[in-house]
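Subject: Structure handover and notes

Hi,

Here is the structure we talked about. Please open it alongside these notes. My findings follow below.

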Amino acid sequence: MKGLLLYTNLAGRFPDEPEFRPVLARAAELGLPVLLHPAKPITTEFVKGYEMTSSLGNMFDNTIALTRLIMSGILDELPKLKLVCPHLGGTLPYIIGRLDHQVTVLKRGPKNLAHTPSEYLKSVWLDIVSPLPLAMKFAVEFMGARRLLYASDHPWVEPKLILAGLRSLKLSVEDENCILHDNAQQLFQL
């Protein structure tokens, strides 16, 4: 086993909830990456019009599940937990400053976190599966190339489009190789 997949929600239950703690603890103990992936988003009823389930629903599910894991303190409880979130982390990287502000300045949310939400986010691996090179560029600048994967399950968008988007960034050969294969080889012990 090289990792495990955990849905971002299972019938409305999220991976930060108590029943999933033993699974996450065991994965951390074994050094197995946990891939978060949406199945049926909790927002399905709100995004089914205009066929927005994949474009918005999945992104919101990624964002909600990953934010809940960060805010739950589980990354302090299980510092060796390796989380992988697809689709550039949903919308979380773009709104993480708001969470930092809420937690550190306005004192809303958890009071027991050892770090800011953005610091926890930077400990997660994201894939670059997006048809927008500018989004990939933001991920590289925010996360660093060493926390990005070409894909976490498979590129849901045409693989050549993802590769062309990545190459359009004109990253160093070292950074591009990290994203294309080196990070996955290390993370999944291939």
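Buried means under 20% relative accessible area, exposed means over 50%, and partly exposed lies in between. Keep in mind that this is a predicted model.

**S168**

S168 has a relative accessible area of 42%, so this residue counts as partly exposed. S168 sits in helix 8. A polar atom of its side chain lies 2.7 Å from the backbone oxygen of G165. In sequence, S168 and A27 are 141 residues apart. In space, their C-alpha atoms are 36 Å apart.

**Helix 8 and helix 9**

Helix 8 covers residues 159-168 and helix 9 covers residues 173-187. Their axes come within 11 Å. The crossing angle is roughly 160 degrees. Angles over 145 degrees count as roughly antiparallel, and helix 8 and helix 9 are therefore roughly antiparallel to each other. Their crossing is right-handed. Helix 8 brings L163, L166 and R167 to the contact. Helix 9 brings E176, I179 and L180. By class, the contact of helix 8 with helix 9 has four nonpolar residues, two charged ones and no polar ones.

**Helix 3 and helix 5**

The second pair is helix 3 (residues 53-72) and helix 5, with axes that come within 12 Å. They cross at roughly 35 degrees. Helix 3 passes helix 5 in a right-handed crossing. On helix 3, the contact uses T63, L66, T67, I70 and M71. On helix 5, the contact uses L92, I95, L99 and V103. Seven of the contact residues are nonpolar, two are polar and none is charged.

**Helix 7**

Which residues of helix 7 are buried? In helix 7 (residues 133-143), they are A135, M136, A139, V140, F142 and M143. What covers them includes helix 5, helix 6 (117-121) and strand 4 (125-127). Strand 5 (148-149), helix 8 and helix 9 are also among the covering elements. Just after helix 7 comes G144, with a positive phi of about 90 degrees.

**H87**

H87 lies in the loop between strand 3 (83-85) and helix 5 (92-104). Is H87 buried or exposed? Its relative accessible area is 7%, so H87 is buried. The side chain of H87 is joined to that of N62 by a polar contact of 2.9 Å.

**Positive phi outside glycine**

A11 is not a glycine, yet its phi is positive, near 55 degrees. A11 is in the loop between strand 1 (4-7) and helix 1 (21-30). Its relative accessibility is 81%, so A11 counts as exposed. Q189 is likewise not a glycine, and its phi is positive, near 50 degrees. Q189 belongs to the segment after helix 9. At 51% relative accessibility, Q189 counts as exposed.

Best wishes

How values were computed:
Residues are numbered from 1 along each chain as its sequence is written. This is a predicted model: local features need pLDDT of at least 70, side-chain atom pairs count only at pLDDT 80 or more; totals for chains, interfaces and linings use all residues. Side-chain values use heavy atoms; hydrogens and water are left out. Axes are lines fitted to C-alpha atoms, for helices over the stretch in contact, and angles run from 0 to 180 degrees between N-to-C directions. Helices (H or I, at least four residues) and strands (E, at least two) are DSSP runs, numbered from the N terminus. Angles under 35 degrees count as roughly parallel, over 145 as roughly antiparallel, 65 to 115 as roughly perpendicular and the rest as oblique. A crossing is left-handed if the near helix is turned anticlockwise from the far one by less than a right angle, and right-handed if clockwise. Contact means heavy atoms within 4.5 Å. Ala, Val, Leu, Ile, Met, Phe, Trp, Tyr, Cys and Pro count as nonpolar, Asp, Glu, Lys and Arg as charged, and the others, Gly among them, as polar. Buried means under 20% relative accessible area, exposed over 50%, partly exposed in between (1.4 Å probe, protein chains only). A polar contact is a pair of N or O atoms within 3.5 Å; within protein, one must be able to donate a hydrogen and the other to accept it, and residues adjacent in sequence count only if both atoms are side-chain atoms.
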